[in-house]
Amino acid sequence: MKIAIVGTGYVGLVTGACLSEVGINVTCIDVDEKKIENLKKGILPIYEPGLEEIVERNFKKGRLQFSTDLASSIQDAEVAFIAVGTPPGEDGSADLKYVLQVAQGIGESMNDYIVVVTKSTVPVGTAEKVRNQLSSALAERSSDLEFDVASNPEFLKEGAAVDDFMRPDRIVVGVESERSKEIMERLYRPFTLNGHPVIFMDIPSAEMTKYAANAMLATKISFMNDIANLCEIMGADVNAVRTGIGSDPRIGNKFIYPGIGYGGSCFPKDVKALIRTARENGHEMRILQSVEDVNEGQKEVMFAKLKKHFGDLKGKHFAIWGLSFKPQTDDMREAPSVVIINQILAAGGTVSAYDPVAMEEAKHLHLGETIRYAENEYDALKGADALLLVTEWSEFRVPDWKKVKSELSTPVVFDGRNLYNREQLRKDGFTYYGIGVQ
Ligand code: UDX
């Protein structure tokens with residue numbers, strides 16, 4: 001089976017690499033020549049555990065190829081995935097310019113029946129637009145070649161993307177014909193042998209499923225953050241409450257961890273997009289509006305705690321552990337760390353930060369030279385008035401607290417992820433602040 005994947009960003013590259021891993025002949029295409037050259041040399045544009053090895057292995061075997069030439073790569077491909085970016089346009093809605101450009105390119109160069117699958121997270125109704133673009137491109141060359149469009153939303157978690165792809169909870173595919181359904185079934189068979197289902201449905205439902213899934217998960221988090229804030233006021237312990245409610249299988253114990261707000265490329269964007277789509281169609285998503293409001297507020301909770309403890313932050317110095325929006329990724333998009341750091345800087349404080357992988361990303365795209373980037377987690381602590389645990393990387397789990405205490409100028413810990421044992425820390429002479437705990 002031969003397929004083409006257009007767009008070598010996060011979704012495209014993981015999809016291409018993982019499909020080649022099961023023996024499918026994959027060409028990954030991108031307009032960015034430098035990126036394609038680098039990929040051929042084994043240099044990846046993103047950090048994702050396990051991905052480099054898979055890319056290298058399958059590239060060597062010739063099952064995974066990289067190209068800037070859409071026209072030749074699309075020849076004889078049974079499936080073309082569109083996995084290019086959908087950056088927010090001026091009004092905040094997803095800009096489909098690149099998606100439709102690719103559809104146009106496929107229409108101009110395809111030489112046989114093909115299934116054109118949208119893989120980028122796109123608004124409900126996009127597959128329809130892709131179909132129209134393809135039809136008009138084919139009409140321009142007076143071609144009567146047939147094609148189908150399909151929607152195959154992505155549920156990968158950053159930091160666990162390879163594993164999620166190889167062992168999916170489910171694969172959702174929206175199709176419009178038996179012919180395309182059979183091809184998609186064949187494509188995904190290697191991933192469903194161990195019982196994980198491919199759920200086929202109509203195309204708009206598949207497009208909506210992605211948004212509904214992310215909106216539900218974001219809702220769980222904002223709900224718990226709201227409960228956590230109330231716990232603090234009422235003297236309850238949100239960790240206990242979380243365990244108490246999570247043991248009910250109807251609620252479940254996943255995704256109910258309070259923290260300093262969700263970030264990343266998906267939740268904030270998708271929640272906003274769904275609110276907007278609904279509004280444009282005459283419906284208010286009242287719950288999601290609150291989910292979004294609570295999340296914005298939650299990103300400021302840590303700063304509020306700092307202010308409460310220190311009063312004036314002018315001249316105060318803070319150590320930050322973790323910059324990426326979550327562990328196991330260098331992704332800084334919508335990361336709470338950026339909000340917290342900017343608040344500290346605006347209040348006249350200074351910051352030393354350490355992150356195992358995201359410091360380059362932070363320096364180049366988000367924070368520049370406004371903070372000091374430390375050599376390691378202990379170096380970040382030197383002379384700081386407090387430690388702020390922002391991202392729960394596993395290497396921050398069991399620090400040498402004696403060393404932490406000796407490096408800090410005052411032993412104060414703000415734990416944004418409830419990672420530490422507060423009784424123990426208090427016994428050891430630290431002042432401890434968590435989320436949703438006294
Ligand atoms: C998410 C979805 O999980 C994935 O299915 C979808 O395809 C893309 O969006 P991702 O953005 O990689 O994946 O991150 P995820 O691990 O889901 O975490 C999102 C955010 O929620 C992070 O900021 C994380 O810190 C926060 N979070 C998660 C919490 O605050 N509490 C939790 O209990 C879980």
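Helices (H or I, at least four residues) and strands (E, at least two) are DSSP runs, numbered from the N terminus. I read residue numbers from 1 along each chain as its sequence is written. The model is predicted: local features need pLDDT of at least 70, side-chain atom pairs count only at pLDDT 80 or more, and totals for chains, interfaces and linings use all residues.

Phi of Glu334 is near 55°, a positive value in a residue other than glycine. Most residues other than glycine have a negative phi. Glu334 counts as partly exposed, with 19 C-beta neighbours inside 10 Å. (Buried is 20 or more other C-beta atoms within 10 Å, exposed is 12 or fewer, partly exposed is in between; C-beta atoms are placed from the backbone.)

Next I checked Asp76. Asp76 sits in the loop between helix 4 (70-74) and strand 4 (79-82). Its phi is positive too, about 65°, although Asp76 is not a glycine. Asp76 is exposed, because 12 other C-beta atoms lie within 10 Å.

Then I turned to the ligand. I found 19 residues around it, and Glu158, Tyr257, Tyr262, Gly264 and Cys266 come nearest. (Near means a C-beta atom, placed from the backbone, within 6 Å.) Helix 9 (residues 203-234) gives the largest share of the shell, three residues. Domain 1 (2-200) and domain 2 (210-297) each supply at least three residues.

Last, I noted confidence. Mean pLDDT (per-residue confidence, from 0 to 100) is 96 for the protein, and 100% of its residues reach 70 or more. The complex has an ipTM of 0.92 and a pTM of 0.92 from the predictor.

Note on methods: Domains from an automatic or database assignment. pLDDT = per-residue confidence, 0-100.
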